[in-house]
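I opened my notebook to look up how this chain holds together.

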Amino acid sequence: WRPAVILGAIDCADEDNQQVCSDFGITGFPTMKFFRAFSKKPEDGIRITNPSATVEDLRHAIITNLEQSQDAWPPACPPLEPASAEEVRTFFQRNKDRYLALIFEKSNSFVGREVALDMLQYENIAVRRVLSSEEELVEKFGVTSFPSGYLLFRNGSFSRLPVHIEARSFYTYYLRTLTGITRGSYKLNATASSTNETDRVLHPLRADRSKLYMADLESALHYSLRVEAARASSLSGAQLAAFKCYVGTLVKYFPGRPCVQTYLQTLDAWLRNWTEPELPRTVLKEAMKNNRDASHPSVLPTNVTWVGCQGSERHFRGYPCGLWTIFHLLTVQAAQNGPDKELPLEVLSTMRCYVRHFFGCQECAEHFEAMAAKSMDRVASREEAVLWLWSHHNEVNARLAGGDTEDPKFPKLQWPPPDLCPQCHKEERGVHAWEEPAVVTFLKAHFSPANIYMDYAEPDPIPVVREGMGVRLATEGPREERGRGEEEEKETEGEARVPGRPGSPEPRRPSIVQLNPKVREGGEDIVDLDSFSEQHFRSQALRAAAGRRRRISKRDTVALARGAAGRERRRGPGILLREEEEEEEEGGEGLRRSPWLRVLGLGFSRLDISLCVALYFLSSMCLLGMYTFFRLRTRARKGRPGFPLA
């Protein structure tokens with residue numbers, strides 16, 4: 001129907017389109033909006049109701065809205081109003097077209113208008129609709145049934161369209177095949193993907209359907225929190241309460257990795273402190289960002305990777321499968337970790353509110369709400385909640401089996417199948433039935449943390465503490481890092497890695513001195529041993545001059561050197577911390593008065609030097625005493641008289 005009607009489709013499930021869809025007020029799928037010619041703002045769109053209707057109904061809705069655009073009629077749009085006898089009589093006098101097709105129909109029929117738009121791009125022909133109430137034309141052409149099609153020629157003759165069925169597609173096909181009918185210069189342009197991706201998954205990931213995958217769970221969490229829940233321009237009232245409830249339930253029962261649990265706890269605490277009646281989307285998006293620079297990283301991976309929920313094509317399975325898995329997991333964890341009769345609807349109510357307010361598929365949300373309203377309030381225990389969600393998920397599978405949304409390579413079956421849980425199935429009087437106690441046992445085992453696998457999941461973020469300690473020295477391995485003392489871990493706890501300043505002309509050599517958390521400069525450096533030794537021993541001398549009483553034996557200096565290197569990897573050259581500057585000011589004068597201390601005492605504390613001097617003195621005294629003893633004994637023997645001769 002171009003250029004009279006231009007149809008555009010945008011995937012609001014794609015994160016890249018989130019801002020556009022938000023600007024146009026899209027909160028669920030599918031949504032259709034009609035923009036009259038010359039519209040300039042997103043608010044000008046007229047929402048087409050009942051978007052889940054048939055394609056024919058949608059065509060009719062477009063035509064109805066098009067006819068109501070009299071003040072902004074598209075210049076290229078053909079006349080859609082009924083033709084009069086006078087217009088038909090004088091048509092060839094006023095137009096150069098070779099043919100005129102007349103579609104006789106009743107007033108509530110859309111066939112004539114649809115055929116007129118179908119033939120818009122073709123030259124040498126025009127299409128007009130004639131109502132059954134136009135008696136002059138009806139009698140002239142001898143029309144007896146509606147709809148009927150007639151073709152007029154420039155010489156005044158006419159004939160009935162020889163079609164098998166009086167319908168739009170047959171009319172259109174015949175008219176396009178007439179002699180002299182050619183398509184005009186209109187091009188049907190399609191916007192191609194910038195990455196030239198095909199819809200088919202080229203390299204499917206290997207998955208075991210008896211396992212759960214953390215990649216699926218985290219991908220579904222990311223999409224539910226950062227895309228679906230953040231789709232509206234702001235959250236308020238029931239929507240905001242539903243979102244807070246969802247996050248709170250995840251904090252209680254989602255068995256995530258430590259970084260994800262920290263993320264959920266941080267978000268939950270932030271939401272609890274939010275007291276305003278309305279939560280803008282921009283503020284929420286900022287609060288849901290990852291924080292990798294904390295001592296305990298707060299990270300929910302942003303990459304979407306489907307493993308057990310991967311479909312044969314990109315539009316199959318994926319997020320709906322992941323969301324079902326999350327709520328199955330939550331119901332089982334709630335049953336395992338709380339009193340059976342206490343708050344039996346805690347997880348199910350959370351799921352119901354989430355689906356009602358945030359789930360993008362509007363038709364799916366309506367079906368789930370109908371199921372919940374019918375029987376959810378009869379759930380009396382947490383174990384019954386597990387069974388309720390399982391049975392209704394199977395009900396959804398049965399309803400969608402064989403439909404357009406079913407992945408042909410992953411048909412929607414009743415779950416679990418016999419090969420996964422043979423004891424879950426039985427027959428009663430020749431009819432299949434479920435062994436519910438066995439089903440409960442299977443569900444608790446299948447949706448347990450022990451059955452969650454990390455295949456294809458994003459690696460755990462490395463805490464900044466460990467990053468800071470991980471100086472790239474060839475003599476230090478991962479085990480040595482883990483084996484460091486608790487004292488060094490306390491000293492480095494809470495430090496944050498700061499990325500290097502952009503535009504540095506060359507790499508900077510690090511300073512290995514005691515860390516002052518107030519100084520946050522520099523980037524990640526590789527420590528060279530010359531700078532390491534020089535700066536470390538200088539630091540030790542400064543501490544000694546300042547009168548610090550830290551007792552460190554000589555064999556401890558290696559561990560201290562490693563710890564200092566790890567803590568100071570972020571510092572640039574020539575930068576002294578305030579604490580060290582104070583030590584230098586306090587001990588600088590003493591160092592100038594004792595230059596030999598800097599020469600002889602490098603790497604040794606006062607205690608080390610004192611012990612050396614004492615041992616040296618005692619050794620000297622011992623040797624002197626032994627010498628004196630033997631000297632006197634020798635003299636005494638020489639002075640004795642000889643024995644008398646026989």
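My entries follow, one topic at a time.

**Ground rules.** I am reading a predicted model, where local features need pLDDT of at least 70, side-chain atom pairs count only at pLDDT 80 or more, and totals for chains, interfaces and linings use all residues. Residues are numbered from 1 along each chain as its sequence is written, and side-chain values use heavy atoms, with hydrogens and water left out.

**Cores.** I looked up the nonpolar cores first. Such a core is a set of buried Ala, Val, Leu, Ile, Met, Phe, Trp, Tyr and Cys residues joined through side-chain atoms within 4.5 Å. Buried means under 20% relative accessible area, exposed over 50%, and partly exposed in between (1.4 Å probe, protein chains only). The largest core has 78 residues. Leu225, Phe243, Phe254 and Phe327 have the most contacts inside it. Helix α12 (residues 319-337) gives this core its largest share, eleven residues. I noted that helices (H or I, at least four residues) and strands (E, at least two) are DSSP runs, numbered from the N terminus. A second, separate core has 33 residues, among them Ile48 and Leu58.

I then picked Phe254. Contact means heavy atoms within 4.5 Å. Leaving aside neighbours within four places in sequence, Phe254 touches residues including Leu217, Val260 and Leu330.

**Helix crossing.** Next I checked helix α5 (residues 111-118) and helix α7 (residues 168-176). Their axes come within 10 Å and cross at roughly 35°. Axes are lines fitted to C-alpha atoms, for helices over the stretch in contact, and angles run from 0 to 180 degrees between N-to-C directions. In this contact, α5 supplies Val111, Glu114, Val115 and Asp118. Helix α7 supplies Arg168, Tyr171, Thr172, Leu175 and Arg176.

**Charged pairs.** Side chains of opposite charge can pair when their charged atoms come close. For a salt bridge, I need a side-chain nitrogen of Lys or Arg within 4 Å of a carboxyl oxygen of Asp or Glu. I get 22 salt bridges by this rule.

What is the N to O distance for Glu105 and Arg129? I read 2.6 Å. Glu105 lies in strand β3 (residues 99-105) and Arg129 in strand β5 (residues 125-131), so the pair ties together parts 24 residues apart in sequence. Both Glu105 and Arg129 are buried.

Glu369 and Arg356 also form a salt bridge, with their closest N and O atoms 3.4 Å apart. Glu369 is in helix α14 (residues 362-375) and Arg356 in helix α13 (residues 346-357). Glu369 is partly exposed at 24% relative accessible area. Arg356 is partly exposed too, at 43%.

Last, I found Glu86, Arg89 and Glu136 linked in a network of salt bridges.
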